[in-house]
Amino acid sequence: MGKKDQNKGLSRRSALGLIGAGAGVMAAGSAFPTKFAIGAQSKIKIGTLLPYSGTYTWLGQSITNSFELALAQAGGKLGGRGIELIKVDSEAKPPKAAELTNKLINQEKVDFIVGPVHSGVAMAMAKIAREEGTMTVIPNAGANQVTGPLCSPNIFRTSFSNWQPGHPMGKVLLEEGKKNVVLCYWGYGAGKQSAGGFKDSFVAGGGNVIKEIAVPFPKVEFQAALTEIASIKPDAVYAFFAGGGAVKFVKDWAAAGLKDKIELVGPGFLTEGVAKAQGAAGEGLRTTLHYADGLDNPANRAYRAAYKKTYGKEADVYGVQGFDAGQLIKAGVDAVQGDVAAQKAMVAAMEGAVIDSPRGQWVLSSAHNPVQNFYLRQVRNGRNEMVRVAMENLADPAKGCSA
Ligand code: BEZ
């Protein structure tokens, strides 16, 4: 792979660059595409394991941008020490995850891992991070197990469990009297668990799931699924797709003539970061998520303005999760004045942190997953606007976590 390809999907602007970071690129063919080094010595080493290629590229880039923005706003220092950021392309490919995680921990000897986006990558990564005791902050991947049976003192999440965003949508549809629903999702952990969260409220409240249609990840051939849905004619379809796949699904849905016939809903990933690209096909879609573009709080206004100024585009939930990963790590490292070997004290500070997030303030559950509000949103003029709070302070059930 040439240098050009290695940097594919990476923003040319860096928030850390704004505070005078030096930049270097690792040798061609390395799994570690880019290094940013700040300060002269004794830096905190952070490795990002995020998708910089493939269908989740937008998500990885948005997280990275906002994580760097949080570090820049911290003056480029954590606990008085400079920061070295090592960016690794996970490609959202689970089979590569163990090797890349091992490299970050054993070769690069990072102090923190920040990643991933994909639940399958998270499963492989978390098993190793747990074993090695490496401090890890997950800024997206929702794999329920990571804050369930695999929960661990050194593993934190600033995003959601896959169960969480689906759960409020089941309640919303029931309240509106919609009883017969088809589920359509990418058939890997995230899609299945998102459907599980939905069913836990919808079916428990008397709703019927008529059919579940799984499309292999990352495939975007949706025609067979759409033909089947059209023949079933359910009250609504709950769909889990994200990034490039979500753009294609929503456009195909409209092109198949379903937009005005059957309500399409989902967890917010269906329209998040991609509502503009979906254009008219996405207008009016309703989803549930722990964020909405226009949330009226000072942290959201400041964050969105800074993001726009630095990167020239609108922020989204993936960025918010990356920004909060920076805030959470800062809370921990500042508390031990940079002495990351004092892991117990650092973990305690992170556990007790109240994160002043663009999504609204949140705290961690004892399983290290955010307890947060979930909003019903609607796409209006290419923005995910808040309609109302669908569920307040929703915690993941964290089944199987005994740490
Ligand atoms: C996941 O794989 O956990 C995931 C990916 C994209 C959006 C949401 C969840």
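Colleague: Taking a residue as near a molecule if one of its heavy atoms lies within 4 Å of it, which residues come nearest to the ligand?
Modeller: This is a predicted model, in which local features need pLDDT of at least 70 and side-chain atom pairs count only at pLDDT 80 or more, while totals for chains, interfaces and linings use all residues. Residues are numbered from 1 along each chain as its sequence is written, and side-chain values use heavy atoms, with hydrogens and water left out. There are 15 residues around the ligand, and those that come nearest are Val117, His118, Ser119, Gly142 and Tyr188.

Colleague: How far from an oxygen atom of the ligand does a polar side-chain atom of tyrosine 188 lie?
Modeller: The pairs considered here are polar contacts, that is, N or O atoms within 3.5 Å of each other. Serine 119 places a polar side-chain atom 2.6 Å from a ligand oxygen, and glycine 142 has a polar backbone atom at 2.9 Å from a ligand oxygen. For the polar side-chain atom of tyrosine 188, the distance to an oxygen atom of the ligand is 2.5 Å.

Colleague: What share of the ligand's accessible area does the protein cover?
Modeller: The area comes from the Shrake-Rupley method with a 1.4 Å probe. On its own the ligand has 270 Å² of accessible area, and the part of this that the protein covers is 100%.

Colleague: How many residues of the shell around the ligand are nonpolar?
Modeller: Ala, Val, Leu, Ile, Met, Phe, Trp, Tyr, Cys and Pro count as nonpolar, Asp, Glu, Lys and Arg as charged, and the others, Gly among them, as polar. On that division the shell holds no charged residues and 5 polar ones, and its nonpolar residues number 10.

Note on methods:
A residue is near a molecule or strand if one of its heavy atoms lies within 4 Å of it. A polar contact is a pair of N or O atoms within 3.5 Å; within protein, one must be able to donate a hydrogen and the other to accept it, and residues adjacent in sequence count only if both atoms are side-chain atoms.
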